[in-house]
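I opened my notebook to look up a few things about strands and backbone angles.

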Amino acid sequence: MADADRPVGIFSERDALMKLNTDAVVFENRPVSEFMTTDSQSVEVDAKVAFAVQRVDVGDYRHLPVVSAGGALTGVIAVRDILRYLTARMTATEGASTGF
């Protein structure tokens with residue numbers, strides 16, 4: 001969630017499971033802002049992948065808002081995105097070192 005392009009929080013499947021759970025119908029007319037994680041960390045768009053990995057590990061996150069150098073929201077990166085990137089890099093490196 002963003003306010004004037006600045007991230008103010010993130011609503012993830014973890015928020016849905018932990019805060020709404022089976023009572024989701026009771027909360028269907030309430031704003032997402034009541035249930036989102038407001039103190040989430042973000043990562044700048046030009047940060048190294050290792051930094052994003054560190055953020056998700058330390059914070060126990062599965063998603064990170066991605067922001068510009070000025071702090072404007074540019075996207076969201078998921079642990080799955082990082083794993084796909086690393087897998088592709090390892091596969092490319094493996095192929096280059098074996099001659100395939």
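I started with the sheet: three strands form an open sheet in the order β3-β4-β5, and the pairing is mixed. Strands here are DSSP runs (E, at least two residues) and helices are too (H or I, at least four), numbered from the N terminus. β3 and β5 (73-78) are at the edges with a single partner strand each, so one side of each has no neighbour in the sheet. Two strands count as a pair if DSSP finds at least two bridges between them.

I then looked at how β3 and β4 are joined: they run parallel, with two bridges between them. Val 43 has Val 66 in β4 as its bridge partner.

I noted that this is a predicted model, where local features need pLDDT of at least 70, side-chain atom pairs count only at pLDDT 80 or more, and totals for chains, interfaces and linings use all residues. Residues are numbered from 1 along each chain as its sequence is written, and side-chain values use heavy atoms, leaving out hydrogens and water.

Next came the phi angles. Most residues other than glycine have a negative phi.

Asn 21 is not a glycine, yet its phi is positive, about 50°. I found Asn 21 in the loop between α1 (13-20) and β3 (43-44). Asn 21 is exposed, with a relative accessible area of 52%; buried means under 20%, exposed over 50%, and partly exposed in between (1.4 Å probe, protein chains only).

Which loop holds Asp 60? Asp 60 lies between α2 (49-59) and β4 (63-67). Asp 60 also has a positive phi, near 55°, and is partly exposed at 49% relative accessibility.
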